[in-house]
Amino acid sequence: MVRRIVVKGIGGYEQLKVEDAPPPAPPSANEVIVEVKACGLNFYDIYVRQGLSPDVQPPCTLGLECAGVVTAIGEKVTSVKIGDHVAVHCPRGGGFAEQISVNEDLLLVVPENMSFEVAASFTINYLTAYFSLFHLGGLRANGAVLIHSSAGGVGWAATQLSKTVPGVSVFGTASAHKHNAVVENGVDYPIHYDQVVLIGAREMVGTEYRSLWRLLRSWWSTKNVSPYSLIMSNRAVAGFNLNELRSKDPATFQQGWKEILEMITSGKLCPRIDSVWQFEQIVEASKQITDRKNIGKVIVKP
């Protein structure tokens, strides 16, 4: 049997359980078995528990990303070998388990001297920031960028990526007690939260339960824009979903994944691990995010 973190139903922390499950079946032709060593916890995992994900609903195993060691491969697998250390992307969850079976195109081989915590920390946050800044945002030299929640996982990554472009000024929102940390990470102008700020679906999540009031408040306070105003002011509004990109353009996803890894191994980027928790501490780990206590990435380990 292998342990995994599951969310049994929509609701509060009582829905989070660590339970035993049968180990993965032997890999099919293009599949790989990975012994998981560390997992990255994301706000998306909170959304799933609170029923805010349109794609994945409880009961299910959580986890969009993890890292570990390849223990078995299918007969047609060519990109990895047994013993490789890998980062794993799990678009529909399932990464929070002691062993997982995934298709080989969901793996990226990482250096053996990279910690599993770091290997589990960069796929979701850094790729989301990378494509948002450079593909959608068109960030160029001597430009400026406003990064909301600059102390969080994506915000931390976006700050570092912005600073790889010469002359870019970074404005970053964060709680006052996090300002020193975000400035050290590259934020030029830290901004304290003094009003409601909409960051993806972040403001729709309370501390434990999803909140209809928060949903309505986010909708009401979000400014409507018209095509005419966008055209006349040379502006754009865009949304980004990493899973959607991977589904429709896997080659671009893979190229970005490799570029992020190269920048980490060369020292241009440096993921920050906020805290490390055991599977049995999943409630405490979740509170670290929902209570906005984290600076950087929250990791859970089997």
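Colleague: Where do Tyr130 and Phe134 lie?

Modeller: Both are in helix α3, four residues apart, about one turn of the helix. Helices here are DSSP runs of H or I of at least four residues, strands are runs of E of at least two, and both are numbered from the N terminus. The model is predicted, so local features need pLDDT of at least 70 and side-chain atom pairs count only at pLDDT 80 or more, while totals for chains, interfaces and linings use all residues. Residues are numbered from 1 along each chain as its sequence is written, and side-chain values use heavy atoms, with hydrogens and water left out.

Colleague: Why does a spacing of three or four places matter in an α-helix?

Modeller: An α-helix has 3.6 residues a turn, so residues at that spacing point the same way.

Colleague: What kind of aromatic pair do Tyr130 and Phe134 form?

Modeller: The pair is edge-to-face, with 5.6 Å centre to centre and 85° between the planes. Rings of Phe, Tyr and Trp (its six-membered ring) pair if their centres lie within 6.5 Å; planes under 30 degrees apart count as stacked, over 60 as edge-to-face and the rest as tilted.

Colleague: Is Tyr130 buried or exposed?

Modeller: Tyr130 is buried, with a relative accessible area of 8%, whereas Phe134 is partly exposed at 24%. Buried means under 20% relative accessible area, exposed over 50%, and partly exposed in between (1.4 Å probe, protein chains only).

Colleague: Which residues form the aromatic cluster?

Modeller: Tyr130, Phe131, Phe134 and Phe240 form one cluster.

Colleague: How many aromatic pairs are there by this rule?

Modeller: The count comes to six. One of them joins Phe43 and Tyr47, a tilted pair with 5.8 Å centre to centre and 40° between the planes. These two residues are four apart in helix α1 (residues 43–49), about one helical turn. Phe43 is partly exposed at 21%, and Tyr47 is buried at 14%.

Colleague: Back to α3: at what angle does it pack with α4?

Modeller: Helix α3 (residues 123–136) and helix α4 (residues 153–162) pack at about 50°, with their axes 8 Å apart. The axes are lines fitted to C-alpha atoms over the stretch in contact, and angles run from 0 to 180 degrees between N-to-C directions.

Colleague: Which residues of α3 meet α4?

Modeller: Among them are Tyr130 and Phe134, and the α4 side includes Trp156 and Leu161. Contact means heavy atoms within 4.5 Å.
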